[in-house]
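Dear colleague,

Please find below the structure I am handing over to you. My notes on it follow directly after.

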Amino acid sequence: MYPKLVIDLNKLKQNLDAVSEITKDHGNCTLAVVTKVLCADHKVAELIANHPKVDFIADSRIQNIASYTDLAHEKGKKTLLLRIPMQSELADVIRYVDLCQISEISTIRLLNQEAEKAGKIQKIIMMIDLGDLREGFFFKDRALIHEAVKEILEMKNIELFGISVNLTCYGAIIPKNDNLSVLVEIAEEIEKEHGIKLNIVSGGNSSSIYLVDRGELPNGINNLRLGEAFAFGTECAYGDRLPGTTGEAFILEAEIVELKNKPSLPIGESGKDAFGNSPVFEDRGPMDRAIIAIGKQDVDLEKIVPVDERIEIMGGSSDHIILDVTNCKEDNGGKYKVGDIVRFTLFYPALLSLTTSKYVEREYV
């Protein structure tokens, strides 16, 4: 059945081996591998859980973590919730999550109550905002940070396990030695002022791993959370390939359902398309136009690349993608026909949407 996402587990294992060596052997950090981009695919979760150098299996969604909590514990791994929890899901946090990143003291109070009901000590990681301006206690509000720490330490069913930062995801602020050193500084302040030892000082996601090879990861950072580096073998600060990794672990396959020669310019008065946009078209003359049975409901069209370089993506709607296959001649690699399969490589956002869509089949090689 198509459309189909082909997942190469051997290449993913290659990436996992490479990033774990960088993170643990060179960076002296514990490793959290993020399953979000794969929607907690069970075979991939098994691959991660079986890896000896993985410490945590992490995701942003409770539902994903719930699908592999037992597997993670069976293999000696801890589960980590990345997205700050909603107050409406705290019972599930207690049930499925070993560690959760969190940034609201009101939510921590309620989490303490839920943990007390369950007879559990819930470990938390306090998020610190170093300027990317997504989640976290703002790094300049030191009094507020220490006030929150003091209250947390008085809670009977909450353990402050560490602090953490997220960078690049919203403000696109790149992790550097100078800003991550502020996180280390805050950790040291907390330990000194409150007489505790933090187990984790987490220096961010796949945008931070490049600092390891440069020797610029600050001493005191002892954890990284890696999703894109594992899935695609790239660090996401500058988009460079990590040593020993591959970017070919995923291929999208889609079937041609129509192939006709038509004008390149729509005919008639132009209004809004199905998504409320006003598209602009170039008159390129008659065009061999192939329609494949996948659309914007399933994937970000701008984040897929045809393996066949002769093909150009023209656009699409909810359920269709239009391809220009005019250059696919008999004397230039052969023509396409209805029923043929077109293959695409992927960027991170495309994989995220494809694995979330229930209409995309999966095949493992």
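**Strand pairing**

Ala-32 has Phe-56 of strand E3 as its bridge partner. Helices and strands here are DSSP runs (H or I of at least four residues for helices, E of at least two for strands), numbered from the N terminus. Two strands are said to pair if DSSP finds at least two bridges between them.

Before going further, please note that this is a predicted model, in which local features need pLDDT of at least 70 and side-chain atom pairs count only at pLDDT 80 or more, while totals for chains, interfaces and linings use all residues. Residues are numbered from 1 along each chain as its sequence is written, and side-chain values use heavy atoms, with hydrogens and water left out.

Strands E2 and E3 run parallel and are joined by three bridges. E2 is also joined to strand E10 (residues 223-226), again in parallel, by four bridges; within E10, Asn-223 is the bridge partner of Thr-30. Four of the five residues of E2 are buried, which leaves the strand mostly covered. Buried denotes under 20% relative accessible area, exposed over 50%, and partly exposed in between (1.4 Å probe, protein chains only).

An antiparallel pairing is found between strand E14 (residues 312-316) and strand E15 (residues 321-324), over four bridges. These two strands form a hairpin with four residues between them, and Gly-316 has Ile-321 in E15 as its bridge partner.

**The chain as a whole**

The chain has eleven helices and 17 strands. Of its 365 residues, 50% are buried. Its C-alpha atoms fill a box of roughly 75 × 45 × 40 Å along the principal axes. A contact means heavy atoms within 4.5 Å; among contacts between residues at least 6 apart in sequence, 66% join residues at least 24 apart.

**Helix H2**

Helix H2 spans residues 42-49, and its buried residues are Val-44, Ala-45, Leu-47, Ile-48 and Ala-49. Among the elements that cover them are strand E1 (4-7), helix H1 (9-26), strand E2 (30-34), strand E3 (56-59), helix H4 (69-74) and H10. At the start of H2, the backbone nitrogen of Lys-43 has a side-chain oxygen of Asp-41 within 3.1 Å. Lys-43 also lies over the face of Tyr-364, at 5.5 Å from the ring centre. The criterion for a charge over a ring is NZ of Lys or CZ of Arg within 6 Å of the ring centre and within 35 degrees of the ring normal.

**Gln-122**

Gln-122 belongs to strand E6 (residues 122-129) and is buried, because its relative accessibility is 0%. Its side chain reaches the backbone oxygen of Asp-98 at 3.3 Å, and a polar contact of 3.3 Å joins the side chains of Gln-122 and Lys-120. A polar contact is a pair of N or O atoms within 3.5 Å; within protein, one must be able to donate a hydrogen and the other to accept it, and residues adjacent in sequence count only if both atoms are side-chain atoms. Leaving aside residues up to four places away in sequence, Gln-122 touches several others, including Val-93, Leu-99, Cys-100, Leu-111 and Ile-158.

**Aromatic pairs**

The structure holds four aromatic pairs. One of them, formed by Phe-232 and Phe-250, is tilted, at 5.7 Å centre to centre and 50 degrees between the planes. This pair links distant parts of the chain, with Phe-232 in helix H10 (residues 228-232) and Phe-250 in strand E11 (residues 250-262), 18 residues apart. Rings of Phe, Tyr and Trp (its six-membered ring) pair if their centres lie within 6.5 Å; planes under 30 degrees apart count as stacked, over 60 as edge-to-face and the rest as tilted. Phe-232 is buried at 7% relative accessible area, as is Phe-250 at 3%. Together with Tyr-348, these two residues form one aromatic cluster.

**Cysteines and a loop residue**

The structure holds zero disulfides, a disulfide being a pair of cysteine sulfur atoms within 2.5 Å. For Cys-39, the nearest cysteine sulfur is that of Cys-169, 18 Å away. Cys-39 is partly exposed at 28% relative accessibility, whereas Cys-328 is buried at 4%.

Ala-172 is placed in the loop between strand E8 (158-164) and helix H8 (177-194). Ala-172 counts as exposed because its relative accessible area is 52%.

Kind regards
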